[in-house]
Structures are given as C-alpha cells and as structure tokens.
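Subject: Structure for you to look at

Hello,

Here is the structure I promised you. Please open it beside this email and follow along.

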Amino acid sequence: MKDEVIHVIGAGLAGCEAAWQIARQGIKVRLFEMKPHKKTPAHHSDTYAELVCSNSLRSDRLENAVGLLKEELRLLGSLIMHCADKTRVPAGGALAVDRHGFSRMVTEAIESHPLIEVIHEEVTSLSHDNITVVATGPLTSEPLAQIIRQMLGMESLFFFDAAAPIVRADTINMDRVFRASRYGRGDADYINCPMTQEEYLAFYDALIHAETVELKDFEDDRIFEGCMPIESMAKRGLDTMRFGPLKPVGLIDPRTGREPWAVVQLRQDNAAGSLYNMVGFQTRLKWGEQKRVFSMIPGLENAEFERYGVMHRNTFIHSPKHLDAAYRLKSRPNIFFAGQITGVEGYIESTASGMVAGLNAARQLKGLKDLIFPACTAIGALAHYVSNPANTHFQPMNATFGIMEPLGTRMRDKKEKYRKMAERALGMIQEYVRLQE
C-alpha cells in the first residue's frame, strides 16, 4: 500500500460506522462524501448518517432479531448505536430517534475525530492501492455505479424503497385521536387515528384508485416487502392493511372502550414532538393525492405535511457471488462493501455491515487474521447470509432469527427459544470484547 490510510466512500450509517471502527484501531481514514455538492434524490440535509425513510430503528427487545443486533452493536462500541441511544424519542418497544439530532451527533463525532479526514467530493473510480470500503448505499451515483457494474461483470440489481409522510403535530385534530402504545407498551407513545368500518372502506376505495408517480422499471415484485407502499399493500386485498400497519389489535379507544375497526398510528419524529411520522405509510402517490387521500384519516382532516412520502430505486450487488463474510470483494481483496448496496436491508443491518467491513479493513492493513463473527450472532448471521454462494435467488434481508444458526434442541415456546438464542449470541460477543481488553 502506498500509505497507511483506509478510504471509506459514503458517509451514511454504514460508512460512518466503518470509518469510526477503523479510526478506533488507530488507523487514518479518508472519508469521501459527495454532499453537500451533490445529493441523491432521497437525501435532503448536509449532515451524515441521514435517515431518509423512517426515524424508527425498529424493535429494541431481545426477543426480536433486530433488537438483539442493536445490543450486539452496543457491546462492540458502535458509534451509530451510541448516537441513537442519546437522541431517542418515545416509541413504545421500538427505538426511534430525533431524525436531525441523530444525524448532527454522528456528523460532529466524525468531523471531530483526529484520525478521520472528510473529503467532500464525488468518487468516480476505485483505488488499486488503498484498502477501500465502498458504503455508497442503494443510491450510488451513476459514475461509480458504472465502475462497480464493469468490475463485477453484472447488470444492476435493484428494488424500490419508499419513505412515509411526516405531519406537523399542531395540525392534528386531537379531538379525533387518542394516545396509546400497542398492548400498553411504553408511555402512550403513539398518536392513534381510529377508523370505523365505514371510514376504513371509504379510505380504502380512495387509496386504491389514487394516482401514483410512475417510476421507470417499476415492477411489483421489485418492491422490498419491509417498505411496501401502502397503496400496493391495499391492492392485495380489502383487509390486508388491517392485518398490517393499520391493525387495531392491542389498541383500545378510551372513548368507546373497544378496539376500532382500523388504526393509523403516528410516531414521534423529533425530540421536540412537533413532527409525527405516519407509521407504515410508505407511498408513491402523487403529492396532491397524498393530501387528498390521507386527509380522510380521522384526525388528519386539516393536517399539514412537513414532508410527503417519496419512492426511489435502490441498487444492490449480488453479494453471495462477489463478497466473503468479511464483506470483502473476492476478485479485488483491497475493496470491501458495506451497507444496503450489499443487500442487507435496514438502518441497523447497514450499521452492522459497516462495522464488520471497517474492522476487517483495519485488520487487513495490520496483517491480522479476518474477524468473522459466528452465525449464531445476529451480526454474523447477516454476514454469512450475504456471502453464502447457495443464495442464488438473492434478495435484500433484514436481521431475523431465521438466518441465525439454530439451537441444538427443539423448543415449542418461540419467545423462550429466541431468548435462548439471544443469550447465546450476547455471550459470544461479550467473550470477543473481553479478549480485546
């Protein structure tokens, strides 16, 4: 190598985590970020680790695989988890953050680190000399995307992702809604918009007939299930939404003493509580249609939208063919990939890939053996999933217990099984941390 500096391309969650972990090993980092000079269609701010979709990092419970993944990252000294915990907002059993406060905190940590140099320019080629972590996300700029396509000898793989609208809290009609968390978890953290059967049917009819933004190459089978547009979900059947984001189960309207027919939940989006995210309402409706149709929801009759929902195309590589479990490119060992471009899906999953790629990039520079986390950990299971050549029909994946190494014994109680799997995983991570001390 010409110099002992590792390049990281992209200051999203994965890139910032990778840069942080490399710097923690005492190695200099050049972090390339094209903002503010150039932004993707999904980005709006100049700060790093921007949350372009929801402000929720999903469940924080160990019985949920992404909750386990968060705890593993905390134990391993994750920058992203530290900032998320410091900027969290009420969200029941989930970890949600003040969107802008979180990004600002990550940005300040990165820019103040003495071993991290941030270079604000677009990268259009990949170095043959420096170890490089490519963490450009699912919206990689076209010049670099073309280089990656040529290097891997492949056509782009992609799916469509979406973001939900955000409404201003002071425009919500509080006389029509009630505060509660499902099953009483949390301190009434959500604003709930209850619907009668008649209101739901009218909303459903308007939603499935509303005008959408036509996207080039749009295909229903290229929608990532975890971010399905609400109108696409509705078209799957009359009650699909009622068994999904609009399910009323575990929510009692205090005015009637009963579960509503359907419920639209609003989750706090910033620390001040002035903005609320429409949970599960990713959409590709035209903005005027969003205003018209979503105003039919009880409590949102006069709601003002801070941001309308948007949809964008995400690119990812066929990782099982090209990457190993260190997120290293098999054909060019000085290059690592991290984040959603690898096919991990979700904020925390992207963070985990950035951590593994960053740690292994640092170890490679030092001449050390790869750090491959076992598949019985959530962080290791994701790495094994994206690098498993048997995944010939590869699709983006969230952290799930289903991709983790199973327990040796069968257990009927699912919660108990997941608790045991979580205990085993955390024990492994704690042992690794102990050995580093």
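Below is what I found, element by element.

First, the ground rules. This is a predicted model, in which local features need pLDDT of at least 70, side-chain atom pairs count only at pLDDT 80 or more, and totals for chains, interfaces and linings use all residues. Residues are numbered from 1 along each chain as its sequence is written, and side-chain values use heavy atoms, with hydrogens and water left out. Helices (H or I, at least four residues) and strands (E, at least two) are DSSP runs, numbered from the N terminus.

Helix H2
Among the buried ones are Ala65, Leu68, Lys70 and Glu72. What do the buried residues of H2 pack against? Their partners include strand E3 (56-59), helix H3 (79-86), H11 and H12. Contact here means heavy atoms within 4.5 Å. At the start of H2, a side-chain oxygen of asparagine 64 comes to within 3.0 Å of the backbone nitrogen of valine 66. Just after H2, glycine 77 has a positive phi of about 80 degrees.

Helix H12
H12 covers residues 414-436. An α-helix has 3.6 residues a turn, so residues three or four places apart point the same way. At the start of H12, a side-chain oxygen of aspartate 413 reaches to within 3.0 Å of the backbone nitrogen of lysine 415.

Aspartate 269
Where is aspartate 269? Look in the loop between strand E12 (262-268) and strand E13 (275-278). Aspartate 269 is buried, at 2% relative accessible area. Its side chain makes a polar contact with the side chain of arginine 99 at 2.7 Å. A polar contact is a pair of N or O atoms within 3.5 Å; within protein, one must be able to donate a hydrogen and the other to accept it, and residues adjacent in sequence count only if both atoms are side-chain atoms. Not counting residues up to four places away in sequence, aspartate 269 also touches others, including Asn55, Ile166 and Tyr276.

Best wishes

Key: Buried means under 20% relative accessible area, exposed over 50%, partly exposed in between (1.4 Å probe, protein chains only). The expected span of a helix is 1.5 Å times one less than its number of residues.
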